[in-house]
Amino acid sequence: MRRTMIHWLGLTGILALFSYMAAVFFSPLAYPGYNWMAQEVSDLSAEAAPSRPLWNRLASPYILAALYARPALLFLYRRSVFHPICSRQASTCLWR
């Protein structure tokens with residue numbers, strides 16, 4: 001996989017974060033009487049919640065971006081953790 005593709009996939013993780021944050025911050029505006037201290041965030045996306053249409057619009061990029069960010073994270077994790085840094089001699093390998 002090319003390095004630029006990994007960077008683009010990594011940026012989708014940031015897009016997922018901002019999309020979810022927008023849903024959490026703006027959906028209470030469409031839910032009259034919502035108290036963030038007493039109610040869960042999942043109440044904003046409940047089936048009968050008045051804020052559900054807004055939540056769905058704001059959180060839909062989160063779902064897609066999170067799906068695309070996972071391959072990048074897995075690739076980078078496998079590359080940095082499981083691959084040793086070996087010198088010319090096969091007997092001396094350092095793990096990151």
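Predicted model: local features only at pLDDT ≥ 70, side-chain atom pairs only at ≥ 80, totals over all residues.

The chain has two helices and two strands, and from the N terminus on they come in the order α-α-β-β. There are 96 residues in the chain, and buried ones make up 20% of them. The accessible surface comes to about 7600 Å², with 66% of that belonging to carbon and sulfur atoms. As for how the chain meets itself, take the contacts with a separation of 6 or more: 45% of them join residues 24 or more positions apart.

Now zoom in on S27. You'll find S27 in the loop between α1 (3-26) and α2 (52-81). Is S27 buried or exposed? Its relative accessibility is 0%, so S27 counts as buried, the cut-off for that being under 20%. Who sits around S27? Leaving out residues up to four places away in sequence, S27 touches A22, L44, S51, L54, W55 and L58. There is also a polar atom in the side chain of S27 that lies 2.9 Å from the backbone oxygen of A23.

Next, the charges. Side chains of opposite charge can pair when their charged atoms come close. Here the count comes to one salt bridge, and the side chains that meet in it are those of R52 and E47, at 3.9 Å from N to O. R52 counts as partly exposed because its relative accessibility is 27%. E47 has 67%, so E47 counts as exposed.

Technical notes: Residues numbered from 1 in each chain as written. Heavy atoms only, no water. Helix = DSSP H or I, 4+ residues; strand = E, 2+ residues; numbered from the N terminus. Buried < 20%, exposed > 50% of the residue type's maximum accessible area, 1.4 Å probe, protein only. Polar contact = N/O pair within 3.5 Å; in protein donor to acceptor, adjacent residues only side chain to side chain. Contact = heavy atoms within 4.5 Å. Areas by Shrake-Rupley, 256 points an atom, 1.4 Å probe, with all protein chains shown as cover. Salt bridge = Lys/Arg side-chain N within 4 Å of Asp/Glu carboxyl O.
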